[in-house]
Amino acid sequence: MKHHIVKRLHFSYGHRLMDYDGKCAHAHGHNGVLEVELCSEKLDHRGMVYDFSDVKKHLKGFIDRELDHRMLLREDDPMVAALEGIGERVFLMKENPTAENIAKLIFQEARAKKLPVVAIRLWETPDAFAEYREE
Ligand SMILES: [Zn+2]
C-alpha cells in the first residue's frame, strides 16, 4: 500500500500541432490544469508524502519561466521564426506539443527536481486530459 497525493497547478499556453489535420493544426490556447501525483510507501515525520507547497515551489518556477503564457511549438514549425521575429515567447519541443508530450516534459522536470512523482496529468480542457505515468 502506498500513500498518494495530488497537487494542482494552473498555467496558460498556446500551441498548434504539426502533421495533424483538424482544428488543432491552427494556433490556439488552453488554460491547462496540471495534476502532479506523488507517492510514497511511508510518510515523513510530519505525516506527509510531500508538502503541497513544496510541490508548487519546485515546479512553479519552471512552469512560469518556460511554459506559462508561451506558444509551445515543435522545433521545425515555420511559425517559430515568425513569432521569434516579433519578439514573442516561444518554447520549442522536439515532438508535437500535444498534452501527452507536455505531460511527459513536466514529468521529467519533476524527476529532475527529485520529486517522488508517479504521474502527471494535464487537463487541456475540462473534459480531456493526458497522463504520463511511470509503470
Ligand atoms: Zn490545443
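**View 1. V36 and the residues around it.** Setting aside neighbours within four places in sequence, V36 touches V6, K7, L9, V55, L59, A110, V117 and I120 (contact: C-beta atoms, placed from the backbone, within 7 Å). The model is predicted, so to speak of local features takes pLDDT of at least 70 and side-chain atom pairs need pLDDT 80 or more, while totals for chains, interfaces and linings use all residues. Numbering starts from 1 along each chain as its sequence is written.

**View 2. The largest nonpolar core.** V36 turns up again here, with A103, I106 and I120, as the residues with the most contacts inside this 25-residue core. Such a core is a set of buried Ala, Val, Leu, Ile, Met, Phe, Trp, Tyr and Cys residues joined through C-beta atoms within 7 Å; buried means 20 or more other C-beta atoms within 10 Å of a residue's own.

View 3. Six strands line up as 4-3-1-2-5-6, with mixed pairing (a pair takes at least two DSSP bridges). Strand 4 (90–93) and strand 6 (128–133) sit at the edges, each pairing on one side only.

**View 4. Strands 5 and 6.** Strand 5 (residues 117–125) runs antiparallel to strand 6 over six bridges. One to look for: L122 has A130 of strand 6 as its bridge partner.

**View 5. Helix 3 on the sheet.** Helix 3 (residues 99–112) packs against strands 2, 3, 4, 5 and 6, at about 145 degrees to strand 5 (angles run from 0 to 180 degrees between N-to-C directions of lines fitted to C-alpha atoms, for helices over the stretch in contact).

Key:
Helix = DSSP H or I, 4+ residues; strand = E, 2+ residues; numbered from the N terminus. Contact = placed C-beta atoms within 7 Å. Buried ≥ 20, exposed ≤ 12 C-beta atoms within 10 Å, placed from the backbone.
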